Amino acid sequence: MYNKKLIISGLSLLAIILFSQEAAATPSFQSGDIIFQTSNSLQSKMLERATRSKITHVGIIFTRKNKHYVAEASSRVRIISLSKWIKRGKKKKYAVMRLNEGIKKENFVLLEAYIKKQLGKRYDSRFQWGDNKIYCSELVWKAYSAFGIKLTKPKTFNDFSLGSKIVKSAIRKRYKTKINLEEPVVAPIDIFKSKKLQTVFSNY
């Protein structure tokens, strides 16, 4: 007959090991970190073609009482749980990046204040640089700009690949003949490639 105390001790040790491994595998995120994913939204394929990248959605992480949330511009600007945000992405793949020098508390206050002012705004499917509506990468870019950080230089529509059928179809539906090819635009991949950021985590 097996020694019950030995079995219980062994199981306890196994639980400790597994918990330690899980904790070690869990990335440590901070408020202000930028998170990227491949969206499963209807327009994701169009964005992949236009930007030549699988990175099609981006948001900002907020941490409250050891729980992580993401501020994003989706149908509207909102804040959802990090776990829900990850599950919604393609194959749950995502990457998290952080400002090289980190964010000072006083600067994060400005970033947070900007996000709060945008909550509830509708998503801008025309990707215009105004403030009435806003799209995901515009939200992130302008949130950082609120405390003086320009993550990347905005491009224009002319800098993207607009020749594929899916992109042309989206342009006809959203702009008809009124698209401004010189409109300032920031895509998720542009922020992802910013030299001012470093990778904290990626499972791509």
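What follows is a short exchange on how labels are assigned in this predicted model.

Visitor: Why is Q37 called buried?
Guide: Buried means under 20% relative accessible area. Q37 has 1%, so the label buried applies. Q37 sits in strand β1, residues 34–37.

Visitor: What does the side chain of Q37 reach?
Guide: The backbone oxygen of W85, at 3.0 Å. A polar contact needs N or O atoms within 3.5 Å.

Visitor: Why is K91 called exposed?
Guide: The label exposed needs over 50% relative accessible area. K91 has 70%, so K91 is exposed. Its place is the loop between α3 (82–88) and β5 (94–99).

Visitor: What makes E72 and R88 a salt bridge?
Guide: The rule asks for a side-chain nitrogen of Lys or Arg within 4 Å of a carboxyl oxygen of Asp or Glu. In E72 and R88, the closest N and O atoms are 2.6 Å apart. The pair links distant parts of the chain: E72 is in strand β3 (residues 67–73) and R88 in helix α3, 16 residues apart.

Visitor: Are E72 and R88 buried or exposed, or in between?
Guide: E72 is buried, at 0% relative accessible area. R88 has 30%, so R88 is partly exposed. Both belong to a network of salt bridges that also includes R78.

Visitor: How do you know that E138 and K142 meet in a salt bridge?
Guide: The N to O distance is 2.7 Å, and the limit is 4 Å. They are four residues apart in helix α5 (residues 136–145), so about one helical turn separates them. E138 counts as buried at 0% relative accessibility. K142 counts as buried at 11%.

Visitor: What makes K155 and D190 a pair that ties parts together?
Guide: K155 lies in strand β6 (residues 155–156) and D190 in helix α7 (residues 188–192), so the pair ties together parts that are 35 residues apart in sequence. Their side chains meet in a salt bridge at 3.1 Å, N to O. D190 is buried at 7% relative accessibility. K155, at 32%, is partly exposed.

Visitor: How many salt bridges does the rule give?
Guide: The count comes to seven salt bridges.

Notes
Residues numbered from 1 in each chain as written. Predicted model: local features only at pLDDT ≥ 70, side-chain atom pairs only at ≥ 80, totals over all residues. Heavy atoms only, no water. Helix = DSSP H or I, 4+ residues; strand = E, 2+ residues; numbered from the N terminus. Buried < 20%, exposed > 50% of the residue type's maximum accessible area, 1.4 Å probe, protein only. Polar contact = N/O pair within 3.5 Å; in protein donor to acceptor, adjacent residues only side chain to side chain.
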